[in-house]
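The following report walks through selected secondary-structure elements and charged pairs, moving from a single helix to sheets and then to salt bridges. Please read it beside the coordinates.

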Amino acid sequence: MNPNLNRLRRSMMFLNCQKPGLIKDPYIYKPDSIMLDLEDAVAENQKDAARYSLYHALQEIDYRGVERVVRINGLDTPHWKEDVRVCVAGRCDSIRIPKVESAQDVVTIEKAMEEAEEEFGVEKGSILLMAALESCKGVINAYEICQSSPLLFGVALSGGDYTKDLQTTISGTGVEFTWARGMMINAARAAGVQCFDTVFTNLDDMDGFIAETKMIKAMGFDGKSIVNPRQIEPTHKIFTPTEKEIIKAEKIVKEVDEKKALGIGVFTVDGKMIDIAFYPGAKRTIELAKAAGVYEGDL
Amino acid sequence: MEVKGTAMAGTLESSDAQVTVEPGTNGIELTIESSVINQYGRKIRATVMETLERLDVKNAKVTVVDKGALDCTLKARVEGAVFRSNGITENLPWGGAIR
């Protein structure tokens, strides 16, 4: 299994591959992942130029551990096959497939990726996939998409196109995404993959961004798509367990392990009733804290 | 590879380079314009020439307007211009002539 399947992905920052100034050093902002975009941000007559930039950036720039995800062009375009070839030849970490509407869409890209791995001598399974759901049909089919490939690490909501398909607009309240977010996080958890929220494009409304990010964290999402470095720090703060949460999780894990050995199923921690049902959540908090570099305990 | 027509890649934005190739008959005729020509002129020339050599371009007029591009960007813009001059956008030799 690819060890990066479940890596920490609190923030995924979009960067236009056509802009050398953007892709040369985004690691200084320390996002968990960067999204090198060959799709919407790149003008139709610059698709070729963006690929050369991408290839050399992947080969020559040390992104210092930041995950390098590439958003390719959709299956409804003439560009995706060459996009997959350059992604594999350049050895990116993951490919984001846009406008996914079915499991077959993912399988089609997976097959092209396998062919490219063969062509360029790249180890099979070393590049992961994620799917962006951007239509009502895609969201309806979220569960089958989440189960489509062992290389698929997650799904992301793409709000701009989704609201167009829904025949509404982005309101700023998030009401238009209520069902899609619920559907997607439920499907992702049922299938055991990660789930990422759409971008928040009003850079002047940091309070709104923080409120939305707190909400999607509470819903269960793993991270958020980012369009500006200013959004990274608040996102990481929201998605990183607090000291209080870590201490509580540590107590629960230790107590459950201890009480289980004694045959005790229900007990109290800091005056609150705890049973085995709290264990996975507490373990996840510890794992997240470890991945975020804020846990130095012995669990 | 032969440069079959005039083609350009890149922009005049900071950190980028605009590379223009035209058909030639007298080897590589390279012109470089850069605000850092005194510090990096030789390096820019070497990168452009190496890239052209990998692409097997033997005759061309090449103009580079550099705006502080990294090596990787210079290579990308030279390749972009040369392949555009041949109308090639698919089945590119990633890891071969492009590397």
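Which residue follows H12(A), and is its phi positive or negative? The residue is A:Gly293, and its phi is positive, near 75°. As with everything below, this value comes from a predicted model.

Within H12(A), the buried residues include A:Tyr279, A:Ala282, A:Thr285, A:Ile286 and A:Ala289. These residues cover an arc of only 125° around the axis, and they therefore lie on the same side of H12(A). Such spacing can be read against the helical repeat: an α-helix has 3.6 residues a turn, so residues three or four places apart point the same way. Part of the cover over the buried residues of H12(A) is provided by helix H11 (243-261) of chain A.

**An enclosed strand in chain A**

Strand E1 of chain A (residues 11-16) has six of its six residues buried, so the rest of the structure largely encloses it. Burial extends to both faces of E1(A), with A:Ser11, A:Met13 and A:Leu15 on one side and A:Met12, A:Phe14 and A:Asn16 on the other. In a regular strand the side chains alternate between the two faces of the sheet. E1(A) pairs in the parallel sense with strand E8 (residues 223-226) of chain A over three bridges, and also in the parallel sense with strand E2 (residues 33-37) of chain A over five bridges. A:Met13 has A:Ile226 as its bridge partner in E8(A) and A:Ile34 as its bridge partner in E2(A).

**The sheet of chain B**

Chain B contains an open sheet of four strands in the order E1-E2-E4-E3, with mixed pairing. Strands E1 (7-9) and E3 (28-34) of chain B stand at the edges, and because each has a single partner strand, one side of each is left without a neighbour in the sheet. From one strand to the next, the twist averages 10°. E3(B) pairs with strand E4 (residues 60-66) of chain B in the parallel sense over seven bridges, and B:Leu30 stands opposite B:Val62 in E4(B). Helix H1 of chain B (residues 37-54) packs on this sheet, where it touches E3 and E4 of chain B, and its direction makes about 145° with that of E3(B).

**Salt bridges**

Over all chains, a search of the whole structure finds 28 salt bridges.

| Salt bridge | Closest N and O atoms |
|---|---|
| A:Lys19 and B:Glu13 | 3.0 Å |
| A:Arg181 and A:Asp197 | 2.8 Å |
| A:Asp222 and A:Arg189 | 3.0 Å |

A:Lys19 lies in the loop between E1 and helix H1 (20-23) of chain A, and B:Glu13 in the loop between E1 and strand E2 (17-23) of chain B, so this pair joins two chains. A:Lys19 is partly exposed, with a relative accessible area of 29%, and B:Glu13 is partly exposed at 36%.

A:Arg181 in helix H8 (residues 178-191) of chain A and A:Asp197 in strand E7 (residues 194-197) of chain A are 16 residues apart. A:Arg181 is buried, at 1% relative accessibility, and A:Asp197 is buried at 0%.

A:Asp222 is partly exposed, at 22% relative accessibility, and A:Arg189 is partly exposed at 41%. Finally, a network of salt bridges links A:Asp37, A:Glu39, A:Arg71, A:Lys99, A:Asp161 and A:Lys164.

Terms used: Residues numbered from 1 in each chain as written. Chains lettered and ligands numbered in written order. Predicted model: local features only at pLDDT ≥ 70, side-chain atom pairs only at ≥ 80, totals over all residues. Heavy atoms only, no water. Buried < 20%, exposed > 50% of the residue type's maximum accessible area, 1.4 Å probe, protein only. Arc of directions from axis to C-beta. Contact = heavy atoms within 4.5 Å. Pairing = 2+ DSSP bridges. Axes fitted to C-alpha atoms, helices over the stretch in contact; angles between N-to-C directions. Salt bridge = Lys/Arg side-chain N within 4 Å of Asp/Glu carboxyl O.
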